[in-house]
Amino acid sequence: MDMSNELGKLYIVATPIGNLADMTFRAVEILKSVDCILCEDTRTTKKLLDHYQIQNKTMSFHSHSKLARVNDIIAMLTEGKSLALVSDAGTPCISDPGVMLIAEIKKQLGDDMIITPIPGASALISALSASGLPAHEFSWKGFVPHKKGRETFFKDVRDTETTVIFYESVHRFMKTMESLSNVIPERKVVVAREITKMFEEFKKGTVTEVFEYYTQNPDKVRGEFVIMVGPQK
């Protein structure tokens, strides 16, 4: 788009969560065609772009980006530029700083601004699909709070009547499993890690059983984790 009075387009592009082959044809074409790619980490995105031989301009946008960067992006859209937003892995704006950007774009540019999702990989949905847990209704909790709100978080997990799903990092995984074992030791849980990668693993059992498994196999505590707690009976 080169008309100064016409807004550009923003594409929300899902990228692989591990296996680089999990990229859609449409996503590749969009990343090739836009004027600029907004990246959570330009170094991480460069690996993906190199894999698909995509030579395009990139710009960083992450949780520490200043309001000035948001305004720069909005200015580009106002000028008619087409942009693609990607995260390091998976679908942007799901427990991701992109949601702040979208909210500000909507606020400043209104409904005339075209924002188009380009669907693809999502650790949340991928894990749930292979978990064997009820999926007709579920509760998504994002990341476990680091400090404030942890006790309330686990009480909410205990009291929720549907499947509960949340993410956890490798550094806090065992602490979170210990907290779960104190609150709902006999509840069914499925832990998924390294989804789509070489060492992909789904571990299912009671919270106590799964906690004991990782306690006895510390070498398995690697990667990013999706924790899925089964509903109350």
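Predicted model: local features only at pLDDT ≥ 70, side-chain atom pairs only at ≥ 80, totals over all residues.
1. Let's start with V28, which sits in helix α1, residues 25-33. V28 has a relative accessibility of 9%, so it counts as buried, the cut-off for that being under 20%. Setting aside residues up to four places away in sequence, V28 touches M23, Y52 and I54. One of these, Y52, is 24 residues from V28 along the chain, and the C-alpha atoms of the two are 7.4 Å apart.

2. T45 is another one to look at, this time in helix α2, which covers residues 42-51. Its relative accessible area is 4%, so T45 is buried. Beyond its neighbours within four places in sequence, T45 makes contact with C39 and V86.

3. Is H64 buried or exposed? H64 counts as exposed because its relative accessibility is 65%, and the cut-off for exposed is over 50%. You'll find H64 in the loop that runs between β3 (58-60) and α3 (67-78). E40 is 24 residues away from H64 along the chain, with 9.9 Å between their C-alpha atoms.

4. Now for a helix pair. The axes of α6 (residues 150-159) and α7 (residues 173-183) come within 10 Å of each other and cross at roughly 55°. The crossing of α6 and α7 is right-handed.

5. Which residues make the contact between α6 and α7? On the α6 side they are R150, F154, V157 and R158, and α7 brings K175, T176, S179, L180 and V183. By type, the residues of this contact split into 4 nonpolar, 2 polar and 3 charged.

6. On to the cores. The largest nonpolar core has 21 residues, and the ones touching the most other members are F166, M177, L180, V191 and I227. Two or more residues each come from α6, β7 (163-168), α7, β8 (188-193), α8 (207-216) and β10 (225-229). Helix α8 gives the largest share of this core, with 5 residues.

7. Leaving out neighbours within four places in sequence, M177 is in contact with V191, V207, V210, F211 and I227.

Note on methods
Residues numbered from 1 in each chain as written. Heavy atoms only, no water. Helix = DSSP H or I, 4+ residues; strand = E, 2+ residues; numbered from the N terminus. Buried < 20%, exposed > 50% of the residue type's maximum accessible area, 1.4 Å probe, protein only. Contact = heavy atoms within 4.5 Å. Axes fitted to C-alpha atoms, helices over the stretch in contact; angles between N-to-C directions. Left-handed = near helix turned anticlockwise from the far one by under 90°. Nonpolar A, V, L, I, M, F, W, Y, C, P; charged D, E, K, R; others polar. Core = buried A, V, L, I, M, F, W, Y, C linked by side-chain atoms within 4.5 Å.
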